[in-house]
Amino acid sequence: MNRNKWQDVAIVNDFTGSMSPYIAEVLVWHALNLQKPVSKIQGYTFFNDGNLTPDYNKVIGHTGGIYHTASQNLDSVLNTAVKTIENGGGGDIQENDVEALIEAQNKYPKAKGLVLVADNWADMRDTSIINQVKLPVKVILCGANATINTEFIDLAYKTKGSIHTIEEDIIDLMKITEGKDIIINKRKYRLVHGSFVMVD
């Protein structure tokens, strides 16, 4: 986050069980950001993939388990995060990232972009509704030490957003044309029929 000076963004955070190795770090970042003189964040949206809804009852776009706070008060942000975590841990490997992004853009109409903090190893169940995301998504991937989950590259590409790992900022995705390659974390990915695939 220190490498990028984003303004007027909404933060969307995966707080399902798969994010447990990174939750402490994410909460520390939220705390440090709120200590700055002027916060550039419009609001926070946290999700847990359904509030313990059985996997077979999860409906794309209506899975739920999504919590919001526009408060710049640290206690309010942390309490909302804790409530999200306590009310559900996910379940299957897929998460409702896109549903949460759509809710965030509707909840915070002044936001000019969305910052998604997500687990690189958890797929999105709702990629079919990416076209409803109207703001650029800046994807911060946790656990992206080797390969990058191509679903998140597609999300960033289709929303005119960007990909961010602990070491890199990939902000020129929109320059990639059909059949061309991009390198992230020393791995090569190719745009094929509008979606990215990893190339050996």
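Start by selecting Asp49: with a relative accessibility of 0%, this residue counts as buried. Keep in mind that you are looking at a predicted model. Asp49 sits in the loop between β2 (41-47) and β3 (66-69). Check its backbone while you're there: phi is positive, about 65°, although Asp49 is not a glycine.

Now jump to Lys186, in the loop between β8 (181-184) and β9 (187-192). Here, too, is a residue other than glycine with a positive phi, near 65°. Is Lys186 buried or exposed? Lys186 has a relative accessible area of 82%, so it counts as exposed; the cut-off for that label is over 50%.

Next stop, the pockets. For the largest pocket, select Met1, Glu25, Trp29, Ile140 and Ile166, which lie nearest its centre among the 24 lining residues. The space in there comes to about 710 Å³. Colour the lining of the largest pocket by residue class and you'll get 13 nonpolar, seven polar and four charged.

Last, go to the second largest pocket by picking Asn4, Trp6, Asn33, Lys36 and Lys40; these lie nearest its centre, out of twelve lining residues. The volume of the second largest pocket is about 210 Å³. Its lining splits into six nonpolar, three polar and three charged residues.

Note on methods: Residues are numbered from 1 along each chain as its sequence is written. This is a predicted model: local features need pLDDT of at least 70, side-chain atom pairs count only at pLDDT 80 or more; totals for chains, interfaces and linings use all residues. Side-chain values use heavy atoms; hydrogens and water are left out. On a 1 Å grid over the protein atoms alone, a cavity is a set of points where a 1.4 Å probe fits but cannot get out, and a pocket is an open set with protein on both sides within 12 Å along at least five of seven lines; lining residues have an atom within 4 Å of a point. Grid points are joined across faces, edges and corners, and a volume is the space filled by probe spheres set on the points. Ala, Val, Leu, Ile, Met, Phe, Trp, Tyr, Cys and Pro count as nonpolar, Asp, Glu, Lys and Arg as charged, and the others, Gly among them, as polar. Helices (H or I, at least four residues) and strands (E, at least two) are DSSP runs, numbered from the N terminus. Buried means under 20% relative accessible area, exposed over 50%, partly exposed in between (1.4 Å probe, protein chains only).
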